[in-house]
Amino acid sequence: MQGKADGTVPLPTLPATGRGPRTDAHLPRYNPAELEPKWQAIWAEQPDLYAAQHPGCGKPKYYVLEMLPYPSGQLHVGHVRNYAIGDALARHMWMRGYNVLHPMGWDAFGLPAENAALKNNTPPRDWTLANIAAMRRQMERLGLGYDWRREVTTCLPEYYRWNQWFFLKLYEKGLAYRKNSKVNWCPECATVLANEQVVNGCCWRHEETIVEQRELEQWFLRTTRYADELLRDLEKLEGWPEKVRTMQRNWIGRSEGALVDFTVLRPVENVAARRDDGYPVKLNLTETMLPDEDAAPEEAAPRISVFTTRIDTIYGATSLQLAPEHPLVTQFAAEDAELAKKVRDLLQEQKSAREMGELGSLEKNGFETGRFAANPFTGEPIPIWVANYVLMEYGTGAVMSVPAHDERDYEFARKYGLEMKIVVLPRPVNDADGQQKEPLLPYTEEDSLLINSGEYTGMGCGEAQRRMAAYAQEHGFGRASVTYRLKDWGISRQRYWGTPIPMIYCQTDGLVPVPEDQLPVLLPEKIEITQEGGSPLARVPEFARVTCPKCGRIARRETDTMDTFVDSSWYFYRYTDPRNSGAPFNSEVAEYWFPIDQYIGGVEHAILHLIYSRFWTKMMRDLGLVKNGEPAERLFTQGMVIRNGAKMSKSKGNIVSPDEMIARYGADTTRMYALFAAPPDRDLDWQEDGVAGVSRFLARVHRFAIQAIPLASEGRGERLPSDFTGLERRLIRKLHQTIGRLTDEFEGRWHFNTCIAGIMELVNELTGEESAILAGEVRPSVLYSLTRNLVLMLEAFAPYLAAELWALLGEDEALLRAPWPAYDAALAAEDIVQIPVQVNGKLRAVISVPTASEQEHLQTMALKEPKVQAALDGKELVKMILVPGKLVNFVAR
């Protein structure tokens, strides 16, 4: 029995007024400030209360998980909503007899700890661990059912040593590599960002800080090696929201097409009239511009590589457009000051559009460079332009412009009066004069035929694409290609509070991995953090100076740390075996628990965390650590909690602390309101009036239960009678309708708001008959069933009050392990049902009949209705269609 430390909970002493309702003045008040801490202390003495059992326990497993939080110091009610959803589900599954794993941990590395160190002169580790302690106290006070013995903290060496171990395995497999690359740099974070961490051109953390491009040597993980599988396996994730799967498809961005090289042309030497830069004043393109075929390799004419999904339209290409940051544009600008100014203007337009989050709707601007390139299929020179809508980070930073057959190119060409060549037409559809209709431009349909395309004229687009790509490969200027928007994951971060990358730079041996027996590479604890001049670790000689494990000479340790999304890409596996010192986790134990049955978190993680964690699972599978190819079978993305019209955030000053709500109303009320105020997948507008309303409801439940339980206890162990009175039948019916409603929701939509509304309706029925119940008009066995099952259903939403009432009922079984109420369809059935009556499919009446009415009785009752008689007057009745319990339809003519 759940109760005080000795296992007992006495019934409250009620005044001996005989049967009948007692006045509020004589009843113990619902006081969560007293009741909830009592139960929190009791649960703290039961370490196995929320513990998962051994995989060999014989029960079906259920792994439910909310995304682990960053330990910022304080929860707000947005967090409460997320955790209350998972906790309600976990409690339900415990009561359904499952072996439930419901852990919690901390995504503990990250920039805010360094900011706090600068601001408060507090070491990041101290700040982080203090915040973890504070947030865990809040979670425990909320009554969240976590198995704290599995707690994982990613900033501790016993966790991040395995980040380093994984990195070494990735390096061995060629999946981790270092290269010089243009990277995203956040001036506010003073570090590199992955592509996925740039949102509308701004930092994902600092939403108003424009991300810059810098050239740095960085570590990358080959996520692109898994691009096809990441895309293909989205089809298997039927339990994930379609919105998330679509976002991932778009981010991976697989495109089939061809890479084609356009050779840049140069002026011939014998042109008399020249500008100061050596180019002709007026060019006869067919005579004066030639590829430099005879030049030495180091002097060969540059090529512009273009990726296109429509190589079949290349005969209609009338220009090339380059991104303002394209290396060739940089070269051109170095030779021409006026052109350089135009490039700067386009870059500023891009920057402004990123800042406003309007890059996709940027007005298209550009300029002609005066240079030309040869179309490799026609040999014709086409002008090279620079355009602001072409981005260096996508594709090759260059596009071939085919205005007649591409909407974006058409818009640009219309603005600047560029030539348009029609090279694709619809399959023949002649007009009245027998002439082929010209299509409206831009014409982009692929189920078409080529014209004006040399030897490819008359081919279908698909066949032409295949033949042209093969021709380009055969002649050395292109090939069929598949490209992805997804790029390799840059994980280098120039900051202190993260996992050290376990690599060494030796002048003799080059890049040398840290030997596994020297892991973990520990972060030094005393360090000056300035967020200037690169990684702080580079200024710590005892960390950066190291002996090369190969040659024994003095070498330099890598001073960048890993992106914190590495930590969160595999933490849920560590929960299954959190104290393992010899491996990240036991593979057999992980095989039992994975995939996660239900993962819960915000849709804002659809691209970052959820793609990285899918990649990490596939990588671990290929290392032989796991057998599953996906981390989670089902995903639920809860809506945001908003206040005053905006998402809750510290910067907006609209945070609501759960501590404040608990002090006023109690943890049960706070949790229940978070689940009741809106469907969990919708945004919730936090209104304190609503919180107060839920508090009053729980007080009603408490008031009714403490009066009913002494009477109900007399019926413990007795079977329900077979001869219900009218009142009993009505109350039992409502009980089982509520049980059915909750069971369906837990197995389906998770509309916990309607679950709680159902419980409220049941309580309204009970309290509406309170006088009769307390006067003994409901037999003890019926009242016991009503009260006990009410408490069982409350457990998922208000565990403190449920525990108190369960103890008052005198139950010996732990509430969490008590079976979920069994739904009985016969007991839930209405005595009288409302049946619509139609004539030829049109509603004419609604009749009230007993539930088990025979067909003849239904027909008789329906034909008595005046509106049905009027609709049938003068017609022949052909047949009656009956849907039992739902519909009567007369077919007449």
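Which loop holds Pro-595? The answer is in the first legend below, and every view comes from a predicted model.

**Close-up A. Pro-595 and its cis peptide bond.** Start in the loop between helix H15 (587-593) and strand S28 (598-602), because that is where DSSP-defined elements place Pro-595. Look at the link back to Phe-594: the peptide bond from Phe-594 to Pro-595 is cis, and omega is near 5 degrees.

**Close-up B. A cis link between Leu-441 and Pro-442.** Here's another cis peptide bond, joining Leu-441 to Pro-442 with omega at about 0 degrees. To find Pro-442, follow the chain into the loop between strand S18 (424-426) and strand S19 (448-450).

**Close-up C. Asn-452 and its positive phi.** Asn-452 isn't a glycine, yet its phi is positive, at about 50 degrees. Look for Asn-452 in the loop that runs between S19 and helix H12 (461-474).

**Close-up D. Helix H23 packed against helix H24.** Helix H23 covers residues 780-794 and helix H24 covers residues 799-808. The two pack at an angle of about 150 degrees, and their axes sit 8 Å apart. Angles over 145 degrees count as roughly antiparallel, so H23 is roughly antiparallel to H24. Their crossing is left-handed. On the H23 side, pick out Arg-788, Val-791, Leu-792 and Leu-794; they meet Pro-799, Ala-802, Leu-805 and Trp-806 in H24. Sorted by class, the residues of this contact come out as seven nonpolar, no polar and one charged.

**Close-up E. Helix H2 meeting helix H18.** This view pairs helix H2 (residues 77-95) with helix H18 (residues 667-676). They pack at an angle of about 95 degrees, with 9 Å between their axes. An angle from 65 to 115 degrees counts as roughly perpendicular, and H2 and H18 are therefore roughly perpendicular to each other. H2 brings Val-80, Arg-81, Ala-84, Ile-85, Asp-87, Ala-88 and Arg-91 to the contact, while H18 brings Thr-670, Arg-671, Ala-674 and Leu-675. That gives the contact of H2 with H18 six nonpolar residues, one polar and four charged.

**Close-up F. Helix H17 crossing helix H19.** Helix H17 (residues 658-665) packs on helix H19 (residues 688-712) at an angle of about 40 degrees, with the axes 11 Å apart. That angle makes H17 oblique to H19. H17 passes H19 in a right-handed crossing. Check the side chains where they touch: Met-661, Arg-664 and Tyr-665 of H17 make the contact with Glu-688, Val-691, Ala-692 and Ser-695 of H19. By class, you'll find four nonpolar, one polar and two charged residues in the contact of H17 with H19.

**Close-up G. The second largest pocket and its lining.** Last stop is an open space: the second largest pocket holds about 1000 Å³. Its lining takes in 34 residues, and those nearest its centre are Phe-307, Tyr-394, Val-399, Asp-406 and Arg-408. Strand S13 (303-308), strand S17 (398-401) and helix H11 (407-416) are the elements that give two or more residues to this lining.

Terms used: Residues are numbered from 1 along each chain as its sequence is written. This is a predicted model: local features need pLDDT of at least 70, side-chain atom pairs count only at pLDDT 80 or more; totals for chains, interfaces and linings use all residues. Side-chain values use heavy atoms; hydrogens and water are left out. Axes are lines fitted to C-alpha atoms, for helices over the stretch in contact, and angles run from 0 to 180 degrees between N-to-C directions. Helices (H or I, at least four residues) and strands (E, at least two) are DSSP runs, numbered from the N terminus. Angles under 35 degrees count as roughly parallel, over 145 as roughly antiparallel, 65 to 115 as roughly perpendicular and the rest as oblique. A crossing is left-handed if the near helix is turned anticlockwise from the far one by less than a right angle, and right-handed if clockwise. Contact means heavy atoms within 4.5 Å. Ala, Val, Leu, Ile, Met, Phe, Trp, Tyr, Cys and Pro count as nonpolar, Asp, Glu, Lys and Arg as charged, and the others, Gly among them, as polar. On a 1 Å grid over the protein atoms alone, a cavity is a set of points where a 1.4 Å probe fits but cannot get out, and a pocket is an open set with protein on both sides within 12 Å along at least five of seven lines; lining residues have an atom within 4 Å of a point. Grid points are joined across faces, edges and corners, and a volume is the space filled by probe spheres set on the points.
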